[in-house]
Amino acid sequence: MKDARKDMLLPVSLGLADGILNALTLASASLVGNSAHVTAGLAVRISIAALVTAGFAMFVGAYSEARGTLRHGSHQLSLPPDRGLANTRLGQGAVRYAAEQCGLASASSMAGALLPLLIAAALPGPGWIAALIAITALGVLGVGLANAVLGSKVRWAITLVIGGAVVTAVGVWIKIA
């Protein structure tokens, strides 16, 4: 029996980080620059972009890894290439597994992008507060990941916060939205 929590760690952590980083990159000119204030419409558009990119990347990664494992198993069992394990129910299972991983990553990415941007749209004050919230969310994600992998909470949190600050600076520099 598979450990469901272990299977969820990669797509959820990738999705959340990807979504927050998408928000910081694509809307940072509006969050900390001199551009127009973030709107709910911009938040939704960016979160949809995050949903699509994270889902596609996760599907490609999970499916290629699963198929590669099946191909390796076929080779180890000396099965002919045209009758390998990928052409069995295991191959269909690889598609299902990749689709599940894709769904988790997509939903997590959309939530990660949408939440800080909706906060920015709702707050009457400066947009940099939402950038600060998003960067703080990365720090909280770092603490959660450190707990999951038995790493240093401080090191993980600081690393993700620094990464968020760098991505925000890049977003301000390229001024997309």
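Buried residues (under 20% relative accessible area, 1.4 Å probe, protein chains only) make up 36% of the 177 residues in the chain. The model is predicted: local features need pLDDT of at least 70, side-chain atom pairs count only at pLDDT 80 or more, and totals for chains, interfaces and linings use all residues. Residues are numbered from 1 along each chain as its sequence is written, and side-chain values use heavy atoms, without hydrogens and water.

**Exercise 1.** State how many helices and strands the chain has.

Solution. Helices are DSSP runs of H or I with at least four residues, strands are runs of E with at least two, and both are numbered from the N terminus. The chain has five helices and zero strands. The order from the N terminus is α-α-α-α-α.

**Exercise 2.** Classify the aromatic pair of the structure.

Solution. A pair of aromatic rings is described by the distance of the centres and the angle of the planes. Rings of Phe, Tyr and Trp (its six-membered ring) pair if their centres lie within 6.5 Å; planes under 30 degrees apart are stacked, over 60 edge-to-face, the rest tilted. The structure holds one such pair. Phenylalanine 59 and tyrosine 63 have centres 5.7 Å apart and planes at 15 degrees, so the pair is stacked. Both residues lie in helix H2, four residues apart, about one turn of the helix.

**Exercise 3.** Is alanine 57 buried or exposed, or in between?

Solution. Exposed means over 50% relative accessible area, and partly exposed lies between buried and exposed. Alanine 57, in helix H2 (residues 40-76), has 47% relative accessibility and therefore counts as partly exposed. Phenylalanine 59, at 26%, is partly exposed, and tyrosine 63, at 23%, is also partly exposed.
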